[in-house]
Amino acid sequence: MADVTISALSKRFGGSDSEAVIDDLDLHIQEGELLVLLGASGCGKTTTLRCLAGLESPSEGTISFGDRVVYDASRRVDVPAEKRNVGMVFQSYALWPHMTVRKNIGYPLKVRRNKEGLRDGWVEKAAAMVDCSHLLDRYPGQLSGGQQQRVALARGIVSRPDLMLFDEPLSNLDAQLRELVRTELHALHRQMGFTAVFVTHDQDEALALGDRMAILRGGRVEQCAAPRTVFEDPASDYVAEFIGMADTVRLTRSDTVWSHAGGTTATLDIPRGHDAVDVRIRPDDVQVRAGGAPARPGELVVEAVVTDVVYGGRHVDATMTVEGGSPLRARVPVGAAEAVVAPGERVGVAFPADKVRVFDGVTGQAVARTEQPARVSA
Amino acid sequence: MTATATRPDPAPAAAAQPPARRLPGSADTRRRIGVWLIVLVLLYLVGVPLYRLQELAMADGGAGYSRMLDNPDFTRLVLRTVYLAVGSVVVAMVLGTLLAYAASRLPPRAGILRTVPILPIVLPAIAAVVGWAFLLSPGPGYLNAAMRKLPWWSDLDTGPVNVYSMPWIVLITGFGLTSFVYLFVSAGLANISVDHLEAAQVAGSSGAGVFFRVVLPLLRPSLIYGAGVALLLGLGQFTAPLLLGTKEGIRVLTSEMYFATASSPIDFAKAAALGSPLLVFGVLIVLAQKLGIGDQRRFVTHGGKGAVRRQRPARWAVVVIAVYGLVAVVLPLAGLVAVALSPYWSSTLDPSTFTLDNFRTVLDNPAIIESVTTSLLASVAAVAVVLPLGYVAAIVLLGDRFRVARALLDFLVALPLGVPAVIFGAGFLLTYTKEPFVLYGSTWVIVLVYATLMVPFATRMMMNGMLALGTSYQEASWVSGAGRLVTHARIMLPLLRGSIGGAVALMFVLLTHEFSASMLVRSPTTQVMGTIVYDFWSNGSYPTVAAVSLLMTLVTGAGVGLAMTLGGRDVLSKL
């Protein structure tokens, strides 16, 4: 076990003037911590993971496991994958089909000549930990997807590596199984306390598994914090949108009055220095009412027209257009506002002040919560 | 199990390890040296013979070229070569496309028929050509004799067909090329979703309408590519022009080149010069293909197979393929069998005289037995040489490092496919009859030329195998702590054994009936099966020719059977 430090890491696949897939990345993973790398495809999360594994050579920067430098561009150090002492679980499982489960799990011990592990039955222990003891003499082709995933996990942890790497390991499982394996993985991590980096594009997975999560964008860290912090206080407009604050309203300021292109005006307590802000909220936090109703204290109301309503069991999802703004979505409990939420209706979409997050219109950075409106009036 | 018991111990060994470095003298440098070593070996195998040819053609101020151009028939020679190539490509394009479309609509139970259009590649070309001669020779040809029984041809003494004429040489060559077009078009068809075709049908197109308005336009890239490859192969055709054209003095560049090395006055410089147009064209095509297609890894996305929904089966498809198989494969073989069983070849076929004497003669002839042994030994040795070479070349080509070495390797590996085998044969003849390696007259020169000819096949089949496996199996092994060599030994080789087995068997098949290059590097004492057939053909010992051809076909058939056992039923389509 060790902590992992990534500093000033860059990776370009072309020459030195090509676009960086990882761009001057700094990350520190504490010993025993599970860090989730979350981001849209192409954000550099898998490349970062592969650089940690030694499967990809970065272009610049350093990587160290504890005080052991495994990559240093300036000193031309690049420890190959087989000498890094990491364990990895692949998206495709990558279980070798010509070996039994026992041989698959035992392989890291065998090729590392780990006599202690072979003698003390680490293979059986690892298999027991992932509940696969009864599968040891089968071939991977005879296992279900979930079982293969567990065996891949056992192979990763069997030699008790310094660092565990997970490359979207759950994405090939169906939804129910994914949740089950996720829970088991969480328990396993609590039990063993390995240091791990987990790559995913699924925010639920990230929220559930991560001690911390790093949201990557264009090869840089947009925010790195505990899941609750990211969820409640996204550091930027991009993060907010990525974790589900889908509704956004752009407000511009003239002197002390904030106005919306659609015509709504509001008074917001936001310090000078911001000329335009984006107000974001989750679709389940907005309230939809009949049009023309006055705003209540502590909320922002935008006039909109309902274009479509989709039934979803316990709720309905409404899509609304706003003059001069991007469309809004609302998730309304069934029975709450059906009279109002119907295609063609003019409605008022209310953003309660304690549920909105505000971002600078130019930089996209979050406006500190204390600066947010205590009082909003139309 | 409690948390404290299962919590792994810290790994002291790992922490104490000094950082491994990528420094000069380390694994990285060794790898670089290894890669360049492979490039140099291939440069020697492929490049030196071609260089020797040009050196000789240019000697004495290009004397070889001037003697070639002095020939008043030179223009006709070139035109005839082009006629042969273009004509056979047209035949092959029409037949190959039709067969590929038919194969895509075969009922599942008739799936085995999909192999039929590929058979002409694996059947010995010389056996097929000889078989056609037995059927359509103007005098004693069995089919000609049968046709003369028809009322409107009953006044003829010979004919009506003369197989020793240009149109028939073109047609028979076209049958051989059809297989290649079939392979390319089939691959193209596999990439067309059935939805496109069904959409056209639902929109009101008839079966033929779907074919002409949707299938053909979508196939355009495969058709162009297939035509290019077929043209290249057509220009280098040697077997049919040599066996069928010689009687009436019909020569093309390749056969003229052969005669310049084999019959007096022997003129190696002129032979070398005659090879130049085909050599240049081949190199240009390979270069164009490399520049146009570029990175092989781009095609990885095609790997996913998923559930392939097939078009509705059609009965006409079975008929088309069966008729083709009958004409292109069964008929010439039947001709061979008939002559091999008869005491002598005449236009009347009399089953009561059938005898196995010809086979006895063959088995009692030490020269023939030796040629069989030489063929088998040379093929096995060449496969043993080329397989590791192809494996390593495939690894390098699929990697993303060593740009210069990789580009060079890519070109060298493709070259034996672009340059006709006859020219390679001539190059090897000229290279290994002089210092530093005088190998002419030994089996070794045959082994070397065979290995060189197989380099593209070995590399391509290894690459396909590796591409299909993907990278994660090896990466999982590296991350588990295994080095490169251990990973190849324990993971890659076992996982690739199907591909390797298939490749071995296929190359064995192609080599045991190799004819073109063998004709140039053979010596009177070192013959292979194909060359000895030619000698008996030239002497007019037709029953022996037929028996040896059948023997070749049997050896090939055994090889094909082995290939299909090891590499799966569709192994032939991986060529």
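A residue counts as buried under 20% relative accessible area, as exposed over 50%, and as partly exposed in between. By that rule Glu184(A), at 34%, is partly exposed. The model is predicted.

**Interface of chain A and chain B**
- Chain A brings 42 residues to the contact and chain B brings 31.
- About 3,300 Å² is buried between the two chains, with 56% of that from carbon and sulfur atoms.
- The interface holds 1 salt bridge. It pairs Arg50(A) with Glu475(B) at 2.6 Å, N to O.
- Between the chains, 8 residue pairs are in polar contact.
- Several elements of chain A each supply at least two residues to the side touching chain B, including α1 (45-53), β5 (68-72) and α6 (175-192).
- α2(A) gives the most to that side, with 4 residues.
- That side of chain A has 22 nonpolar, 7 polar and 13 charged residues.

**Salt bridges within chain A**
- The whole structure has 26 salt bridges over all chains.
- Glu184(A) meets Arg150(A) at 3.0 Å, N to O. Glu184(A) sits in helix α6 and Arg150(A) in helix α5 (residues 145-157), so the pair ties together parts 34 residues apart in sequence. Arg150(A) is buried, at 15% relative accessibility.
- Asp275(A) meets Arg253(A) at 3.1 Å, N to O. Asp275(A) lies in the loop between β14 and β15, and Arg253(A) in strand β12, 22 residues apart. Asp275(A) is exposed at 53%, whereas Arg253(A) is partly exposed at 22%.

**Network**
- Shared partners join Arg50(A), Glu56(A) and Glu475(B) into one salt-bridge network.

Key: Residues numbered from 1 in each chain as written. Chains lettered and ligands numbered in written order. Predicted model: local features only at pLDDT ≥ 70, side-chain atom pairs only at ≥ 80, totals over all residues. Heavy atoms only, no water. Contact = heavy atoms within 4.5 Å. Buried area = accessible area lost by both parts, 1.4 Å probe. Salt bridge = Lys/Arg side-chain N within 4 Å of Asp/Glu carboxyl O. Polar contact = N/O pair within 3.5 Å; in protein donor to acceptor, adjacent residues only side chain to side chain. Nonpolar A, V, L, I, M, F, W, Y, C, P; charged D, E, K, R; others polar. Buried < 20%, exposed > 50% of the residue type's maximum accessible area, 1.4 Å probe, protein only.
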